Amino acid sequence: MFTTTRRASVIASVLLSSAALSVDAALPAFRLGTVAQPSELAAFFSPLPDGRGLPAGSGSVAQGKAIYQQQCVACHGQNLEGGIGDRLIGGRGSLVNSDPAKAPVKTVESYWPYATTLFDYVKRTMPFTAPDSLTNDQVYAVAAYILSEAKIVPHDEVLDASKLAKVKMPNRDGFIPDRRPEKFPPASKTPQLRGAVAASGK
Amino acid sequence: MTEELLVAEARMLSESREDPRSPYFRGGTLGRRRFMLSSIAAGATVAASSRRATAAPPGSVQREVPTDPSKVLGAPLEDESYGLRSQFETEVRTRFKTSTPHSSWTFTPLEHGCGIITPSGLHFERSHAGTPTIDPRKHLLYVNGMVNQTKKYSIRELRRLPSISRIMLIECSGNGLTEWSKPTLKTVQGTHGLTSTSEWTGVPLSTILNDVGVRSAAKWVLAEGNDGAAMTRSIPIAKAMKDCMLAYGQNGEAIRPEQGYPLRLMVPGYEGNMHIKWLRRLELSDAPFMTREETSKYTDLLTSGKAVQFSFEMEAKSVITSPSGEMLLDGPGFYEITGIAWSGRGAIKQVDVTVDGGRNWKVALLQSPVLPICHTRFRLPWQWDGKEAILQSRCVDDTGYVQPTLGQLVAVRGLNGPLGSIYHLNAIQSWRLASDGRVSNVHYY
């Protein structure tokens, strides 16, 4: 059976929203959940770009290089060029590009706007097969090494919470807000086949 | 990456073409002759030797098929069972190869779909560190940051709270990323399979936020998963209070492990990555956390070198699922053109279908229910005259937004490399039906 049911959808959405509203309006005090103590929350971390939430600790470029060779090189490569894991450095100047045949090179160096994100991501997810196993000192050190190879911090840098939040990433101002829905130009009145046509199967 | 996806799709197709139960079977009235000839030419027997055609498909068991099922007893009813599908049904999620099976994705086989619900076992997957195994009795949801009272909730407690159910889609914003600059993957599973619809049941997020008390300075909520990636995304507080949901149910049972068991954050109409699976913590803050997934990924790089950030909404999109890429029609005659349309901004108002590449459009029938932020099934009866045709669908949502052609979309976003801006490709899809009945993925605009 076919029904062209704009009305049904309107009714359905009204029902949905009124159901949600009545749930909220009629809520008794349910006294569920318990207070979470700071000790329970100590294992969690989520730094903000201004450095709030970054843990204590520090690490040097040299220490980071040693950890990288041990923990990161298999996936990210001897020269941070990537492999199984993402490429980490290079690519500056490649983001302005309108060539559909040439891919931009998006790396920590060329694309990531905040150094705090690097700390956060390495700490929570790396190394890939043993996530969240590096100490805070080790994560600061690895971040320092990557940022120094990216020529963003000097080779003798020692990073800690306050220094990391002050690092100015090359693409810090590379992001703009979402302005959709977009205004599109009129559709072509003479459509045609374009691009390489995928070959039909054998 | 595109190369690997193509290889995986080709493997799926080569198995499906030998499988009489697949829509890609090359054994219809037109295909059989070619199929036989090529089999003979290859010195092969017609009895298909592929794994698919001989083994019971996942989710089924192989039973002997009687000549007349009405003359013998069938399989007995079991005292306890979960249920199996028919051994004759072969559709599966396909993982299109990535460099590791732990950070990877699988696609919903939309070409098989009927109706609007995606079976839970076929809901697309995207995970960054595999599927964690979580004991719900030990799982807790913590809420901290800019709240009046930091709290934690067990799953048992959450399930006691007033719940709602909502049939709703999730679409990965990378759905179709291979299709920006040229037609690449061949099947609708490959081009559109990162969208799925389920009925989700859970507690409105506002219930929990009101319970802990949101401080006036709080503007964003960080959602964090309990997988090896500890996946995190920042969500605007207005959205969190409006319609987000802490879901524990999917299609009438507990959420599947790969979909976030025991708790998933639903962020209606926003990109799939924000629907944090295995949700373990919410942290309220006055600023977005700028996590990796909202800076280096899920941002849309334009040709200017600037990238659009926090492009959350999934815009209106539709696709014809049958006939679709790599199917082989049995010759001229009657066909029902069918597909799905959806919008992250609301309900689908209209779907138009063309068989001549956009010169003439017909209004398709919408199957009820037509729900906001949900797959909507459309259908159009059609007599194929056997001549070459370009099949397209175009949808309009209830905000008045009209699904653009690829040409219109590229005119605005540009093509920064072969994958363009990667995310949020919602253009009209074109399928070319050749006079020999073959359907292929093309760009036509």
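Modeller: Let us begin with A:Leu193, which stands opposite B:Tyr444 in S24(B). Please keep in mind throughout that this is a predicted model. The pair belongs to a meeting of two strands, for two bridges join S5(A) to strand S24 of chain B, residues 439–444, and these strands run antiparallel. In general, strands of a sheet pair through backbone hydrogen bonds, either parallel or antiparallel.

If we follow the pairing onwards, we find an open sheet of six strands, in the order S5(A)-S24(B)-S23(B)-S22(B)-S18(B)-S19(B), with antiparallel pairing. Why is one side of S5 of chain A left without a neighbour in the sheet? S5 of chain A stands at an edge, as does strand S19 (362–363) of chain B, and each has a single partner strand, so one side of each has no neighbour in the sheet.

There is another place where strands of the two chains pair, and here S4(A) is joined by three bridges to strand S15 of chain B, residues 307–309, with the two strands running parallel. On that side, A:Phe175 stands opposite B:Ala307 in S15(B).

Within chain A itself, a pair of helices deserves a careful look, namely helix H3 (residues 61–71) and helix H6 (residues 136–149), whose axes come within 7 Å and cross at roughly 95°. H3(A) and H6(A) are therefore roughly perpendicular to each other. Where they meet, H3(A) brings residues including A:Val61, A:Ile67 and A:Tyr68, while H6(A) brings residues including A:Ala141, A:Val142 and A:Tyr145. This contact has seven nonpolar, four polar and one charged residues.

Turning to chain B, we find eight helices and 24 strands, and the C-alpha trace spans about 75 × 60 × 40 Å along its principal axes. A compact globule of 445 residues would have a radius of gyration near 22 Å, and the 23 Å of chain B agrees with this.

The domain assignment divides chain B into domain 1 (140–306) and domain 2 (317–442), and the centres of these domains, taken over C-alpha atoms, are separated by 28 Å. Their contact takes 27 residues from domain 1 of chain B and 28 residues from domain 2 of chain B. On the domain 1 side, strand S6 (164–171), helix H5 (188–192), strand S7 (195–204) and strand S14 (300–301) of chain B each supply at least two residues, and the residues of that side divide into 13 nonpolar, 11 polar and three charged.

Chain B also has an open sheet of four strands in the order S16-S17-S21-S20, with antiparallel pairing. Its edge strands are strand S16 (317–322) and strand S20 (365–366) of chain B, each of which pairs on one side only. Nine bridges join strand S17 (residues 333–342) of chain B to strand S21 (residues 376–384) of chain B, and in S21(B) the bridge partner of B:Gly339 is B:Phe378.

Most residues other than glycine have a negative phi, and most peptide bonds are trans. The peptide bond from B:Ser322 to B:Pro323, however, is cis, with omega near 0°, and B:Pro323 lies in the loop between S16 and S17 of chain B. The bond from B:Tyr261 to B:Pro262 is also cis, with omega near 5°, and B:Pro262 is found in the loop between strand S11 (253–254) and strand S12 (264–266) of chain B. B:Met290, although not a glycine, has a positive phi of about 55°, and is located in the loop between strand S13 (279–285) and S14 of chain B.

Note on methods: Residues numbered from 1 in each chain as written. Chains lettered and ligands numbered in written order. Predicted model: local features only at pLDDT ≥ 70, side-chain atom pairs only at ≥ 80, totals over all residues. Pairing = 2+ DSSP bridges. Axes fitted to C-alpha atoms, helices over the stretch in contact; angles between N-to-C directions. Parallel < 35°, antiparallel > 145°, perpendicular 65-115°, else oblique. Contact = placed C-beta atoms within 7 Å. Nonpolar A, V, L, I, M, F, W, Y, C, P; charged D, E, K, R; others polar. Domains from an automatic or database assignment. Rg over C-alpha atoms; globule rule 2.2 N^0.38 Å.
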